[in-house]
Amino acid sequence: MQFKIRFLLFSLMFFFFTNCKKDEPQYHLSLSMNIENSGIINGGGTYSAGDKINLTAVPNSNFSFSNWTEGDVVVSTNANFTYTVPSRDVTLTANFLKHS
């Protein structure tokens, strides 16, 4: 009987410690565009550091895609690219050009 109790306690402790993960910090990836209604952007959300996120920017008519920036720094010149989330909140801007 004592063996069964020890075995049960050991099993419960093993299960608890192997299935409990520490909460990973989550970071916000916010997306914006330089000209309102110039296109459609996708990929923003809440992620863990190191997550690889597919970002897409599709220009509306009379617009073309220029680049993605973080502040004044160009992150990519591709409308669709994979972004690796850093260990901080980030806002990326999809920059579009208007055509006459």
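Student: Which three strands form an open sheet, and in what order?
Tutor: This is a predicted model, where local features need pLDDT of at least 70, side-chain atom pairs count only at pLDDT 80 or more, and totals for chains, interfaces and linings use all residues. Residues are numbered from 1 along each chain as its sequence is written, and side-chain values use heavy atoms, leaving out hydrogens and water. Strands are DSSP runs of E (at least two residues) and helices runs of H or I (at least four), numbered from the N terminus, and two strands pair if DSSP finds at least two bridges between them. The pairing in this open sheet is antiparallel, and the order is β2-β4-β7.

Student: Which strands are at the edges of that sheet?
Tutor: Look for strands that pair on one side only. The edge strands are β2 (39-42) and β7.

Student: Let me try one pairing. In β4, which residue is the bridge partner of Ile 41?
Tutor: Strands β2 and β4 pair in the antiparallel sense over four bridges. In β4, the partner of Ile 41 is Ala 57.

Student: Which residues touch the most other members of the largest nonpolar core?
Tutor: A nonpolar core is a set of buried Ala, Val, Leu, Ile, Met, Phe, Trp, Tyr and Cys residues joined through side-chain atoms within 4.5 Å. Buried means under 20% relative accessible area, exposed over 50%, and partly exposed in between (1.4 Å probe, protein chains only). This core has 18 residues, and those touching the most other members are Leu 29, Leu 55, Ala 57 and Trp 68.

Student: Which element gives the largest share of this core?
Tutor: Two or more residues come from each of β1 (26-33), β4 (52-59), β5 (63-70), β7 (81-84) and β8 (90-98). The largest share is four residues, and the element giving it is β8.

Student: Are the rings of Phe 65 and Phe 96 stacked or edge-to-face?
Tutor: Rings of Phe, Tyr and Trp (its six-membered ring) pair if their centres lie within 6.5 Å; planes under 30 degrees apart count as stacked, over 60 as edge-to-face and the rest as tilted. Both Phe 65 and Phe 96 are buried, with Phe 65 in strand β5 and Phe 96 in strand β8, 31 residues apart. Their ring centres are 5.9 Å apart and their planes are at 80°, so the pair is edge-to-face.

Student: Which residues do ring pairs link into a cluster?
Tutor: The structure holds four aromatic pairs. The cluster linked by ring pairs is Phe 65, Trp 68, Phe 81, Tyr 83 and Phe 96.

Student: Which residue in the turn between β5 and β6 has a positive phi?
Tutor: Strand β5 pairs with β6 (residues 73-76) in the antiparallel sense over three bridges. The two strands form a hairpin with two residues between them. With a positive phi of about 65°, the turn residue you want is Gly 71.

Student: Is Glu 24 buried or exposed, and which side chain does it contact?
Tutor: Glu 24 lies in the loop between α1 (2-19) and β1, and its relative accessible area is 55%, so Glu 24 is exposed. A polar contact is a pair of N or O atoms within 3.5 Å; within protein, one must be able to donate a hydrogen and the other to accept it, and residues adjacent in sequence count only if both atoms are side-chain atoms. At 3.0 Å, such a contact joins the side chain of Glu 24 to that of Ser 48.
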